[in-house]
Structures are given as structure tokens and as C-alpha cells.
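Open the model in your viewer and keep the selection tool ready. The stops below go from whole chains down to single side chains.

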Amino acid sequence: MQRLRKNLTTCGGALTRLVASIAAMTVGSCLVAAQQIPLISGGAGFLSSTNGGQTSYLPIIEPLLAAPIGSHLLIETRASAVQSWFPYSPGQNGYPGYNHVYSLGLTYLQADYLASSHVTIVGGSFLIPFGTYNERLSPVWINNLQDGPLISSLGTMSTGTGVGGMVRGSAISRRKYSVDYKAYFSALDKNKKFNAERSSGGQASVYLPEKRLEVGLSYNRLLQGIHENFYGAHVWWEPKDTNLWLRSEFARGHHAQGYWVEADYRSDKFHGLDSWVGRIEPVFRMQQTFQRDQAASDGLSLFNTQRVDFGLDYNLKHNTRILTSYSRRFAPNGGNENIWETGIVYRFLFPVWKGK
Amino acid sequence: MKFKQCVAAMLVLVGVSLALRAQNAGTGGPTPPAPDKSAPKNQAGQHASEGERIFAQNCSRCHTAPDGFSPHISGTIVMHMRVRASLSKHDTQELMRFFNP
């Protein structure tokens, strides 16, 4: 939730204009195939977090618009609207209460040009590819736990997004293995709406479908101030026929490093995944961060930190999930704390207009 | 609670899951039928299974499948997934056939 608050910038008027212009652009393109109507997808949720006896509430909606223009061009953007309610200490009148902060912003806005079967060219504001969390797991309706990993700020240049261009695609795709790649360059952009650092980097990953195993490496470099390097590696594995997912990631920055390992499981042993037992999804995540020096934190805690998360999710019908978790954070100097989180998340997906 | 105990709990979780899998295999749990090589090939069925495999291996790696969606946006979904999941052209074609049998 802290990351969400940090990343969002207020741009209500600009957001409306941007969405309107995209909609006009897509409506104007009269060569829309029957199955390529623009869509709106995303998640809406109500989340709560109790940390040290203080409970905060976070209603959130993250809509994504994907609009194809012809068969080679796709415009996509994701917005985020958050109303954060958090308690404040008793003031002069002696009564405790809640403050709230509203924020609305575009997370990214990019154009994808499908140049060939192996190359997609991306331009605009995009999610920085590093590890797996930022691009794949950060949407509120995907993440198994409310909070992102502690190291999610490593390698994503503190903004999570870049402004510039990216080349990505499937380098090799065979039945037994596939190789994906991404390479990007971002310019410095101090615009409040699309804040970005000057950086570049890339990612490559190998996926073995029969083993359900993915291994990837990431490298990003900050190209301003002290030019810092960030290295990352991830391993995802789904043992065959188990419905167990194991995800792990390691990241090393100039000042800090860390890793996380997550396991989540659904049982199909009791009348399948759609039975009431099969909809239960226990989740476990463990993570550690280590400071390499005291000069800066790379967005992490200034102390070596360990954290474990025990989650229990329930996948309701109609694309709705209930997320619950208990987390324990271990840190020196009285940094130990319990974190209780609950929430309900709904995933939506529908066409922008009704097709014929 | 100590951090090491938490790590041990996770290992137990993984161990139990793998044990369940091994037990299922060892006690003759449900196994897919062997393909009949003499049977004529069912093109539609092949496309569905290939597309289903691609969906399971790429899309389901990150998220669960939606309960349903309009067929009018299936092409947009596939285009979006091609970018996000770095799908090859073949994979997108099979996925399209899977969404529109």
C-alpha cells in the first residue's frame, strides 16, 4: 500500500483528456475486426491493513484500457484511483480519527507495435521490466498478497515506470522450450504525470513447458547521478499436476539486496478447483533484505529485514477473491511488528462497446 | 515466532504438496487416456488442446482465468497477452482458436 501511495500522482484532468483522446482515436479507426473491440479490464477492491494496532483502509480501482488499431498496433494504459484512510493520533481535542488521501493517476500509457512474429516495439510510458513483480504481479487482482515484496523497488528506478522505448518478444519458441527477451531505454522525465529516471536495461528468460519451469535474468542500469547497476534473477516453478506454484526472485542493487520466495496452492483432490475446498488458496511468502552499505537504502529499509507472510485466499465465483494474511516483520532496534491484512478484490473484463 | 520456524513451515507445505503428488501417482490416480494412433485426427480438438495448453502454460502462470468474456474482445485479449507474455505468432493463433472454437 505504501508503494501504491508513493507511485501515484494526481492528474485527474489530464487523465480524463487522455482517456477521451484514446477512445476517440479507437472509435475513429473504422477497421476494427469483429474480435478486436477495445476492452476494459482490471480490478477493484477494498483492502484493510492493521499494523501495530493501527488500521488503515484502502478502496482502490485499477482499470486497464487496451485498444487495438488495426492488427499491428495496440494502445494500452492502466490507471489507478485510491482513497487511503489512515488513523491519526489524538489531537488537541483528544479524539482520534481518520485522515484520508485521494490519488488518481496513470500507471502507464504505451503503444505496442507488433513488428514481426518475434519483435514488438513499445513506446511511451511503460512498466520497467525487472524481475517479475512489477510487470506481472503488481495488478491488485493478480497479487496473492496485498503487499508487494520488499525488494520490489530494486531495479525499477524507484518510479516503476520508464518513458522511452522498449523492444521485446519471443526470441525462440519451441514445444520444449522458449526464450523471451526485453530491452529498454528510458529518458529522464520530471513530468509529474509520468515521472521517470534515465536508465536502460533488459531481461531474458527461458521457459521449459514440460517442466513448468521458468528461469530469468535481469539487468538494469541507472544512467544519471551515480550510475548504479541492478541485477536480478527469478525462478518460477509449477510442479506438474500439483496446483502448487513456487515463485522466487533475487535482486541486488548498489546499496541493498534481497530475495523473496512464495508458494501458493489449490487442491483439486476434492471435486476439482471449483469446489468450495478447491477455491481455498493458502499462500506463503518469505523474504529477506540486506543492506550493503549505509549510504542509501535503494528504497528498502535501512536495516536488514526479514518478513514472513501467511495468506489464506478464497476464490469466489464471478472473478472475486477474498485476501487475508498475517505477516511478521523482523528487524533490529524494535522493528518487529505484526501486520494483519484483509481485503476483497473483483476482477472485471468487458468490451468498451457492444459488438454486432 | 522465529524466522527459521517460518522457513521450516514453508518447507513442510512444499513437502506435503509433493507427497500428495507422489501418492496420487503411486496409487493409480486419474491418468489421461493414451492417445489412439489409429483414430483419425480431430483438428478442432487438437486446436482446443493446443490452445488450452498455451493458455495454461502462459496466461495461468500469473493469474486465474476469468469466468467468461465477450467473444468480441477475444482478439484484443490475445493481442494484449502477446505483448505481456511474449507469445509467439503460433501461440497467439492457437490461443485465438481456443477462445473461438
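This is a predicted model: local features need pLDDT of at least 70, side-chain atom pairs count only at pLDDT 80 or more; totals for chains, interfaces and linings use all residues.

Residues are numbered from 1 along each chain as its sequence is written, chains are lettered from A and ligands numbered from 1 in the order in which they are written, and side-chain values use heavy atoms, with hydrogens and water left out.

**Stop 1: chain A**

Select chain A and colour by secondary structure. Of its 356 residues, 51% are buried (buried is under 20% relative accessible area, exposed over 50%, partly exposed in between; 1.4 Å probe, protein chains only). Chain A exposes about 15900 Å², with 61% of it from carbon and sulfur atoms (Shrake-Rupley method, 1.4 Å probe; for residues, only the protein chains shown count as cover).

**Stop 2**

Pick Y88(A) in strand β3 (residues 73-88) of chain A. Y88(A) counts as partly exposed because its relative accessibility is 34%. Its contacts (heavy atoms within 4.5 Å) include Y95(A), P96(A) and Y98(A).

Now go to N144(A), in the loop between α3 (133-137) and β6 (161-173) of chain A. N144(A) is buried, at 7% relative accessibility. Its side chain makes a polar contact with that of E262(A), at 3.1 Å (N or O atoms within 3.5 Å; within protein, one must be able to donate a hydrogen and the other to accept it, and residues adjacent in sequence count only if both atoms are side-chain atoms). N144(A) also touches E281(A) and R321(A), among others.

Show that pair next. R321(A) and E281(A) form a salt bridge, 2.9 Å from N to O (a side-chain nitrogen of Lys or Arg within 4 Å of a carboxyl oxygen of Asp or Glu). R321(A) is in strand β15 (residues 320-330) and E281(A) in strand β13 (residues 280-291) of chain A, so the pair ties together parts 40 residues apart in sequence.

**Stop 3: the contact between the chains**

Show both chains. The contact takes 69 residues from chain A and 47 residues from chain B. The two chains bury about 4800 Å² between them, 63% of it on carbon and sulfur atoms (accessible area, 1.4 Å probe, that two parts lose on being put together, summed over both). Between them are 17 residue pairs in polar contact, both residues at pLDDT 80 or more. Helix α1(B) gives the largest share of the chain B side, 11 residues.

Select α3(B). Just after α3(B), S86(B) takes a positive phi of about 50°.

**Stop 4: salt bridges across the contact**

How many salt bridges link chain B and chain A? The count is four. Zoom to E50(B) and R175(A), which meet at 3.1 Å, N to O.

Finish on E214(A), buried at 1% relative accessibility. One salt bridge joins E214(A) to R61(B), with the closest N and O atoms 2.3 Å apart. This pair crosses from strand β9 of chain A to the loop between α2 and α3 of chain B. The side chain of E214(A) also meets that of R136(A) in a salt bridge, at 2.5 Å, N to O.

How values were computed
Helices (H or I, at least four residues) and strands (E, at least two) are DSSP runs, numbered from the N terminus. Lists of a residue's contacts leave out its neighbours within four places in sequence.
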